[in-house]
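Hi,

Here is the structure I promised to pass on.

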Amino acid sequence: MTKYILKRLLILIPTLLGVSFIVFLLLYLSPGDAALAVAGPDATKEAVDAIRESLGLNRPFIVQYGSYLKNLVFHFDLGTSYQSGKSVSEALLRVFPTTMKLAGGSLVIAIVFGIAFGIIAALKKNTIVDSIITTIGMIGLAMPIFWSGLLLIIIFSTKLRVLPASGFSSIKHMILPWIALGFQSSAVIMRMTRSAMLDVLDKDYIRTSKAKGLKKSKIIFVHALKNAMIPVITTIGLQAGGLLGGSILTETIFSIPGIGRLMVESIKTRDYPTILGAIMLIAIVYSLISIVVDILYGFINPRIKSEYK
C-alpha cells in the first residue's frame, strides 16, 4: 500500500506541471493587458510600459513560464499578486479554509442524502416513492448551481426571511450555500447508489442471505451496501473535486470570501498569478482526493487491496 501511495504521489508531479503549463499558456494568450489593469485606464503609455517591464510581461512566453516554474518547484512560490503586491500563497491560505468549509459541508449533505435516498429508491423500486426520489434527482441534475442558489435566496431570504442571503460566519449563514452546492452532487450520488444497489440486490449471495433468515438491515447495510460502494465512492470522489469548482459560483452568489470569489475578482483585474495559484491549489486538492478514493477501495474490497501490493 505504501509503495502504491508513493507511486501515485510521484504521478502528481507531471500532472501538476501539465496543468500549470496549460493554464499559463491560456492566460498568456487571453485578450487584455494585465499591465493596463494594474496601471488604470488613465495611465500614460510610458507608465503602462514601465509596469509591463517590471512585471516581466514583455518577456517571451517560455521565459515567463520558466521563471514561474523555477519559483514554484524550487521555492514553492506561487508568485506575487499584480493588484495587492502581496504573496499569492498567503492570500490563498487565508481564504482556503472558507472554501474547504463550504465544499466539505456540501459534500456531507450530498453523501448523507444521496446514499440514503439511493438506498430507499432501490428498496422501493418501481413504486411511487422511487418515482418521487428519481424525479427530484433529475431536477437536481438539471438545475445549475447559480439557479438553485438564486432560487434558495428568493424563497428563504427574500420571501420567508428565515435565512441570510450572504456571508459565511455562522451555521445559519452556511445552510443555503451548502444546500445550493450540494444539491446537484446529492442527485448524482443518489442515482449511482440506486443503480449499484439494484445490481447487488439481484445477486445470488443476497438471495442466499435472505433464505438463511438474516435480518433485512444486516443484508442491506452489511452485504449489499458494502459491495455497492465501489462505484459510489468513485462518484463521491469525482463530486468532491467538482464541488471545489462549483464553489466559484456559490461563493460569488452568496458573497463568501473563499478561493472561488478571489478567482472571480482576480479574473476581472487580470491578476494572473492569483488565478494560476488558485487553479494549482484546486488541482492539488483534486489529485489528493483521487488518491484517497483509490485507498478507500482497498479497505472496502480486499481483492482490490491485494493489487496495491
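Let me start with Ile 115, which, leaving aside its neighbours within four places in sequence, is in contact (heavy atoms within 4.5 Å) with Ala 110, Ile 189, Thr 193, Leu 225, Met 229, Val 232 and Ile 236.

Before the rest, a word on the conventions. This is a predicted model, so local features need pLDDT of at least 70 and side-chain atom pairs count only at pLDDT 80 or more, while totals for chains, interfaces and linings use all residues. Residues are numbered from 1 along each chain as its sequence is written, and side-chain values use heavy atoms, with hydrogens and water left out.

On confidence, pLDDT (the predictor's confidence in each residue, from 0 to 100) averages 86 over the protein, and 95% of the residues score at least 70. Helix H5 has the highest confidence, at 92, and helix H13 (residues 302-307) the lowest, at a mean of 55. Helices here are DSSP runs (H or I, at least four residues), numbered from the N terminus.

Ile 115 is also among the residues with the most contacts inside the largest nonpolar core, together with Tyr 68, Met 197, Val 232, Phe 254 and Leu 276. That core has 69 residues, and helix H10 (residues 216-253) gives the most to it, with 14 residues. A nonpolar core here is a set of buried Ala, Val, Leu, Ile, Met, Phe, Trp, Tyr and Cys residues joined through side-chain atoms within 4.5 Å; buried means under 20% relative accessible area, exposed over 50%, and partly exposed in between (1.4 Å probe, protein chains only).

Now the aromatic rings. Rings of Phe, Tyr and Trp (its six-membered ring) pair if their centres lie within 6.5 Å, with planes under 30 degrees apart counted as stacked, over 60 as edge-to-face and the rest as tilted. The count comes to 10 aromatic pairs. One of them, Phe 113 with Phe 117, is stacked, at 6.1 Å centre to centre and 15 degrees between the planes. Both lie in helix H5 (residues 88-123), 4 residues apart, about one turn of the helix. Phe 113 is partly exposed, at 43%, and so is Phe 117, at 37%. Elsewhere, Phe 21, Phe 24, Tyr 28, Phe 61, Tyr 65 and Tyr 68 form one aromatic cluster.

Finally, helix H7 (residues 145-159). The buried residues of H7 are Ile 145, Ser 148, Gly 149, Leu 152, Ile 153 and Ser 157, and their cover includes helix H8 (171-201) and H10. Just after H7, Arg 161 takes a positive phi of about 55 degrees.

Best wishes

Note on methods. Helices (H or I, at least four residues) and strands (E, at least two) are DSSP runs, numbered from the N terminus.
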